[in-house]
Amino acid sequence: MKNQSIILAGASSGIGLASAQRLASEGASVFVTGRSLDKLAATGFPHAVVDSSDRAALDTFFAARGAFDHLVVSLGSHKGLGPFASLDLSDLREGFNEKYWPALHTVQAALPYVRRSITVLTAISATGRMPGTSGIGAVNGALELMVPIWARELAPVRVNAVSPGVIDTPWWDFVPATERAAAFGQYAAQIPLKRVGRAEDVAEVVAFLIRAEYVTGRAIVVDGGLG
Ligand SMILES: NC(=O)c1ccc[n+]([C@@H]2O[C@H](COP(=O)([O-])OP(=O)(O)OC[C@H]3O[C@@H](n4cnc5c(N)ncnc54)[C@H](OP(=O)(O)O)[C@@H]3O)[C@@H](O)[C@H]2O)c1
């Protein structure tokens with residue numbers, strides 16, 4: 001990782017932040033973005049407020065940074081969850097607005113400057129076929145479907161996805177604490193490795209994909225065996 005410059009979009013908390021910490025500990029030079037200046041400042045890493053749904057802001061940001069080695073896109077949204085019969089389609093539309101489109105804008109805006117690899121966080125909902133996830137799975141599946149095609153179009157820049165299962169991060173803050181603890185307990189019981197994941201579990205795979213110079217166009221699932 002020495003001398004590698006890495007921009008992590010959506011890295012003021014959770015998986016993005018754990019990835020920044022992991023990569024920095026291996027000697028990389030990391031730069032993190034998000035929408036909240038307070039959260040970014042608390043990371044201790046060089047940072048900038050960049051809303052990934054704002055294309056003009058993204059273009060200005062990447063032009064100012066110039067060439068860099070690796071991009072990690074870890075933008076969160078929990079919208080679009082629930083059984084299809086009762087799924088609020090405007091909530092699902094929000095899911096696309098909060099994750100899919102900002103991820104596409106971030107990758108596209110970075111393309112003139114990124115030299116070596118792009119890693120996008122998707123989710124096990126894309127492929128897990130779990131009831132209640134068809135909407136959020138569509139958001140993540142649409143993103144994941146593009147990754148192998150980008151890998152062919154953009155080579156030698158490598159493009160991969162990391163697909164997490166249930167990971168204990170602030171992503172789950174929309175669920176009240178007691179319900180969240182109960183849900184995590186239920187998930188842990190059905191996950192072969194008998195626990196929900198930690199952000200560091202996913203950061204391990206992000207770091208692997210940044211290092212692995214002969215891997216492109218792949219999605220690696222990190223879910224303890226849930227999917
Ligand atoms: N945790 C899980 O169980 C789980 C499972 C499957 C997949 N994932 C995926 O893993 C990725 C990371 O999630 P996480 O668990 O680390 O969630 P998280 O802790 O909520 O982190 C999401 C990050 O994205 C930033 N962000 C959101 N929208 C943004 C925007 N428009 N522009 C810039 N930054 C934005 C957030 O900061 P601000 O809000 O301050 O901008 C935050 O830093 C997401 O793609 C998520 O869907 C998570």
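This is a predicted model: local features need pLDDT of at least 70, side-chain atom pairs count only at pLDDT 80 or more; totals for chains, interfaces and linings use all residues.
Helix H1, strand S2 (29-34) and helix H4 each supply at least two residues of the shell around the ligand. H1 makes the greatest contribution to the shell, with three residues. In total 28 residues surround the ligand, and the closest are Gly 10, Gly 14, Arg 35, Gly 76 and Trp 171. By residue type the shell divides into 11 nonpolar, 13 polar and four charged.

One of the closest residues, Gly 14, belongs to H1, which covers residues 14-25. The helix has 12 residues and reaches 17 Å from its first C-alpha to its last, close to the 16 Å expected at 1.5 Å a residue. H1 is mostly covered, since nine of its 12 residues are buried. The buried residues are Gly 14, Ile 15, Gly 16, Leu 17, Ala 18, Ser 19, Ala 20, Arg 22 and Leu 23. Arg 22 is therefore a charged residue that counts as buried, as a residue does when 20 or more other C-beta atoms lie within 10 Å of its own. After H1 comes Gly 27, whose phi is positive, near 105 degrees.

The strands form an open sheet of seven, in the order S3-S2-S1-S4-S5-S6-S7, with parallel pairing. Strand S3 (47-49) and strand S7 (219-222) stand at the edges; each has a single partner strand, so one side of each is left without a neighbour in the sheet. From one strand to the next the twist averages 20 degrees.

Towards S2, the two strands pair in the parallel sense over five bridges. Ile 7 can be followed in both directions: in S2 it stands opposite Phe 31, and in S4 its bridge partner is Leu 71. S1 is mostly covered, with four of its five residues buried.

Ahead of this strand, in the segment before S1, lies Asn 3. The phi of Asn 3 is near 70 degrees, a positive value in a residue other than glycine. Asn 3 counts as exposed because it has 8 C-beta neighbours inside 10 Å.

Helix H4 (residues 89-110) lies across S1, S4 and strand S5 (114-121), and runs at about 175 degrees to S4. H4 also takes part in the ligand shell, with at least two residues. Helix H7 (residues 199-211) has 13 residues and reaches 19 Å from its first C-alpha to its last, close to the 18 Å expected at 1.5 Å a residue. Its buried residues are Ala 199, Asp 201, Val 202, Ala 203, Val 206, Ala 207, Leu 209 and Ile 210. What covers them includes S1, H1, S4, S5, S6 and S7. In an α-helix there are 3.6 residues a turn, so residues three or four places apart point the same way. In H7, Val 202 and Val 206 are among the buried residues.

In the loop between S5 and H5 is Arg 129, which has a positive phi of about 55 degrees although it is not a glycine. Arg 129 is exposed because 11 other C-beta atoms lie within 10 Å.

Within H5 itself lies Ile 136, which counts as buried because it has 24 C-beta neighbours inside 10 Å. Leaving aside neighbours within four places in sequence, Ile 136 is in contact with Gly 80, Leu 81, Gly 95, Ala 123 and Ser 125. Ile 136 and Ile 124 are 12 residues apart in sequence, and their C-alpha atoms are 9.9 Å apart in space.

A cis peptide bond joins Ala 155 to Pro 156, with omega at about 15 degrees.

Conventions. Residues are numbered from 1 along each chain as its sequence is written. Two strands pair if DSSP finds at least two bridges between them. Axes are lines fitted to C-alpha atoms, for helices over the stretch in contact, and angles run from 0 to 180 degrees between N-to-C directions. Two residues are in contact if their C-beta atoms, placed from the backbone, lie within 7 Å. The expected span of a helix is 1.5 Å times one less than its number of residues. A residue is near a molecule or strand if its C-beta atom, placed from the backbone, lies within 6 Å of it.
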